[in-house]
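Subject: Structure handover

Hi,

Here's the structure I promised to pass on.

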Amino acid sequence: NFVNYCLGCHSAKYMRYSQLAADLALTEDELRENLMFTGERIYDPMDTAMPAEKAHDWFGNAPPDLSLITRSRGTDYVYTFLRAFYADPTRPTEVNNAVLPGTAMPHVLAGLQGLQRPRYEKVTGEDGATVEHLVGLEPGVPGELPAAAYDSFVRDTVAFLEYVAEPTKAKRQALGVLVILFLLVFTVFTWFLY
């Protein structure tokens, strides 16, 4: 999912293809056939092919590296962000995002999710002016995937981003449990020696 939909603009420069292959038990041939499309070497980081100057021309700024996005923003934020795009003909990309209004990111997953319609509510401010306030999103143009399948797709993508942020997290947590158990046993042993 990440390679097909995100890596064209975003990079994951702290993850190397070789680490990905080792963790997912992929052979070098499987890695090249399924995940490496622009001639990278196996020990290269997962960089985008988009030149930075083109990104500035197209989006106004360079798309951020996504290596640590789930650690800085949280998995819930990223998951909700990817599900919160809606049609907005006033924007250059004709979509906006309820989580990050005014985002320069186009809705690259629109073919899968479809386009949602915004639902507004008129709110009167303290100054007496009436403004429309976004209160929710409704199904609009359907995409290729049903809602549950799209949610699963986004969940898998966010899980991959969480893995990229800390590939050794499971090993670190398992080692932490062993260290705590050792310290507890050592504490009991020391107490008896005292």
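**Salt bridges and the rest**

Searching the whole structure turns up seven salt bridges. Keep in mind that this is a predicted model.

One of them pairs Arg 117 with Glu 138, with 3.8 Å between the closest N and O atoms. Arg 117 sits in strand 5 and Glu 138 in strand 6, so this pair ties together parts that are 21 residues apart in sequence. Glu 138 also meets Arg 119 in a salt bridge, at 3.9 Å from N to O. Put together, Arg 117, Arg 119 and Glu 138 are linked in a network of salt bridges.

How exposed are these residues? Arg 117 is partly exposed, at 45% relative accessible area. Arg 119 is partly exposed too, at 38%, and so is Glu 138, at 26%.

The strands themselves run antiparallel, with ten bridges joining strand 5 (residues 114-124) to strand 6 (residues 130-142). Glu 121 stands opposite His 133 of strand 6. The hairpin has five residues between its strands, and Gly 128 takes a positive phi there, near 90 degrees.

Elsewhere, Glu 162 and Lys 169 form a salt bridge, their closest N and O atoms being 3.5 Å apart. Glu 162 is partly exposed at 34%, and Lys 169 at 29%.

Now for a charged residue without such a partner. Glu 40, in the loop between helix 3 (28-34) and strand 2 (45-46), is buried yet has no salt bridge. What does the Glu 40 side chain make a polar contact with? The side chain of Tyr 17, at 3.3 Å.

Last, the nonpolar core. The largest one has 32 residues, and those touching the most other members are Phe 2, Leu 20, Leu 31, Met 46, Leu 82, Val 154 and Phe 160. Helix 1 (2-5), strand 1 (12-16), helix 2 (17-24), helix 6 (75-83) and helix 8 (147-165) each supply at least two residues of this core, and helix 8 gives the largest share, eight residues. Leaving out residues up to four places away in sequence, Leu 20 touches Met 15, Leu 35, Met 46, Phe 160 and Tyr 163.

Cheers

How values were computed: Residues numbered from 1 in each chain as written. Predicted model: local features only at pLDDT ≥ 70, side-chain atom pairs only at ≥ 80, totals over all residues. Heavy atoms only, no water. Helix = DSSP H or I, 4+ residues; strand = E, 2+ residues; numbered from the N terminus. Buried < 20%, exposed > 50% of the residue type's maximum accessible area, 1.4 Å probe, protein only. Lys, Arg positive; Asp, Glu negative; His and termini not counted. Salt bridge = Lys/Arg side-chain N within 4 Å of Asp/Glu carboxyl O. Polar contact = N/O pair within 3.5 Å; in protein donor to acceptor, adjacent residues only side chain to side chain. Core = buried A, V, L, I, M, F, W, Y, C linked by side-chain atoms within 4.5 Å. Contact = heavy atoms within 4.5 Å. Pairing = 2+ DSSP bridges.
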